[in-house]
Amino acid sequence: MMQKPQFVTLEGVEGAGKSTQKQVVCELLASRDIPFVETREPGGSLHAEQIRELLLAPSETPPSDLCELLLMFAARADHIEQTVQPALARGHWVICDRFTDATYAYQGGGRALPAAWIETLERLVHPTFGPDTTILFDVPVDVGLARATQRGTLDRIESEDRAFFERVRASYHAQAASEPARYVVVDATPNADDVSQSLRETLTARWFS
């Protein structure tokens, strides 16, 4: 079994089921008495949660794409310093809903901002730090958006059009293909119980075999 505490991130387009399946990951760790912390991005610390409100609240004058990108990394810097790294130092695993891969997907893919800008900020904020495992819940955009709409009111980014999310999904696919050792890609199209079962089996084999 792994001894080093792991930084595990969950990624996917809207409606992919990350929130539901995150509990499966947490239950798997709890069943083996592994201490863990759940967190999210943007957010996960005091200042990062305040930035989250700025980023996601609907607005008649939304931030520019560049402002959005900078706010994402401002929140991330505080989150890593205040929450993620202290938890890992205590020996806790960290289960995080979204991380820098989401920035490449949403601001890079969706907003079409240059990858070089994101790379520069990544080197500034966490040059030698990143996830040990990234679980990508993959679902067709139409299916994901239908699920997200059923949940209720959408935030500012969730309200983007289908073409935006197609670019986001394509970016996630490209990232997963470029780092197959880090990524676990889960087909999130089936019902939640089937996805959960597949996820348990995959993670058990990855972490505890």
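E68 and R111 are both buried in this predicted model. Their side chains form a salt bridge, in which the closest N and O atoms are 3.0 Å apart. In general terms, side chains of opposite charge can pair when their charged atoms come close.

With D65, the side chain of R111 meets in a salt bridge at 3.7 Å, N to O. D65 lies in helix α3 (residues 65–89) and R111 in the loop between α4 (100–110) and α5 (115–125), so this pair ties together parts of the chain that are 46 residues apart in sequence. The two residues can also be described by their accessibility. D65 has a relative accessible area of 32% and is therefore classed as partly exposed. R111, at 14% relative accessibility, counts as buried because buried means under 20%.

A further salt bridge joins R111 to E160, with the closest N and O atoms 2.7 Å apart. E160 is found in the loop between α6 (141–151) and α7 (162–178), and R111 in the loop between α4 and α5, so the pair connects parts that are 49 residues apart in sequence. E160 has a relative accessible area of 25%, so this residue is partly exposed. Through shared partners, salt bridges join D65, E68, R111, R156 and E160 into one network. In the model as a whole, the count comes to 16 salt bridges.

The strands are the next element to consider. Strands of a sheet pair through backbone hydrogen bonds, either parallel or antiparallel. Here, 5 strands make up an open sheet with parallel pairing, and their order is β2-β3-β1-β4-β5.

Strand β3 (residues 93–97) pairs with β2 in the parallel sense, over 5 bridges. Within this pairing, V37 stands opposite V94 of β3.

Definitions and conventions: Residues are numbered from 1 along each chain as its sequence is written. This is a predicted model: local features need pLDDT of at least 70, side-chain atom pairs count only at pLDDT 80 or more; totals for chains, interfaces and linings use all residues. Side-chain values use heavy atoms; hydrogens and water are left out. Two strands pair if DSSP finds at least two bridges between them. Helices (H or I, at least four residues) and strands (E, at least two) are DSSP runs, numbered from the N terminus. A salt bridge is a side-chain nitrogen of Lys or Arg within 4 Å of a carboxyl oxygen of Asp or Glu. Buried means under 20% relative accessible area, exposed over 50%, partly exposed in between (1.4 Å probe, protein chains only).
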